[in-house]
Structure formats: structure tokens, C-alpha cells
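This report describes charged pairs and surface patches in one protein model. The sequence and structure come first, and the description follows.

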Amino acid sequence: VFHQTTYQSIKQTIQRINEEIMREREEEIRNIHKGMHTVNEIYKDLAHLVDNQQEGVDQIENQMENAKDNTASGLKHIEKANEASSSQCVIS
């Protein structure tokens, strides 16, 4: 009877320990899931920020291209004005 009682007690203790281990594992799995969800949200936010910044970069690139074109056009005007003023210059 003593061995039977001791065996039952040990069996119940092992069962309680196993149940506690399972509860801890489930809690850790939930924490990992929450962490993965958080990382996913961070990646979504980062992608949104990159998209927003890309619009700004594209605008800057367009403005730089326009500035280059305007500079080239301005240089041509200056060269024409210089040629015109040189040909109109009369030495007396």
C-alpha cells in the first residue's frame, strides 16, 4: 500500500510538472507570436516610410534634371548674347 501511494504521489507530481511545462511553453509560444506580429508591423511601417521617402527622392531627382536643363539653356542664351555683343562692337 505504501508503494502504491508513493507511486500515485510521484505520478501526480510528474503530471503537475508536465502540465506546468506545457503552460510555460504555450505562454512562450504566445510571446513569440506577439513578437513576430510586432516585427511584422515594424516592417510594414518601414516599407511605408521608404515609399514616402521615395516620392521625395523622385521629386529631388526631377528638380535636379530641370535645373540641369535650365542651366544648359541659360548657358546657350549667354553664349548667344556674348556673340551678339561681340559682333555689334565697333572700334572707332
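Helices (H or I, at least four residues) and strands (E, at least two) are taken as DSSP runs and numbered from the N terminus. The model is predicted, with local features requiring pLDDT of at least 70 and side-chain atom pairs counted only at pLDDT 80 or more, whereas totals for chains, interfaces and linings use all residues. Residues are numbered from 1 along each chain as its sequence is written, and side-chain values use heavy atoms, with hydrogens and water left out.

**Salt bridges**

Side chains of opposite charge can pair when their charged atoms come close. A salt bridge is defined here as a side-chain nitrogen of Lys or Arg within 4 Å of a carboxyl oxygen of Asp or Glu. By this rule the model holds three salt bridges.

| Salt bridge | N to O distance |
|---|---|
| Glu20 and Arg23 | 3.1 Å |
| Lys44 and Glu41 | 3.9 Å |
| Lys68 and Glu65 | 3.4 Å |

Glu20 and Arg23 both belong to helix α1, where three residues, or about one turn of the helix, lie between their positions. Lys44 and Glu41 are likewise separated by about one helical turn, because they are three residues apart in helix α1. For Lys68 and Glu65, a spacing of three residues in helix α1 again gives a separation of about one helical turn.

Accessibility is classed as buried under 20% relative accessible area, exposed over 50%, and partly exposed in between (1.4 Å probe, protein chains only). Glu20 has 36% relative accessibility and is therefore partly exposed, and Arg23, at 46%, is also partly exposed. In the pair of Lys44 and Glu41, Lys44 is partly exposed at 48%, and Glu41 is partly exposed at 30%. Lys68 counts as exposed because its relative accessibility is 51%, while Glu65 is partly exposed at 40%.

**Surface patches**

Patches are built from residues with over 30% relative accessible area and no salt bridge; like charges are joined within 9 Å, and nonpolar side chains (Val, Leu, Ile, Met, Phe, Trp, Tyr) within 5 Å. Accessible areas come from the Shrake-Rupley method with a 1.4 Å probe.

Val39, Tyr43, Leu46, Leu49 and Val50 make up a nonpolar surface patch, with about 490 Å² of accessible area together. One of these residues, Leu46, is placed in helix α1 and is partly exposed at 45% relative accessibility.

Lys and Arg count as positive and Asp and Glu as negative, and the place of a charge is CG for Asp and CD for Glu. A patch of negative charge on the surface gathers Asp51, Glu55, Asp58 and Glu61. Among them, Asp51 lies in helix α1, which covers residues 2-88.
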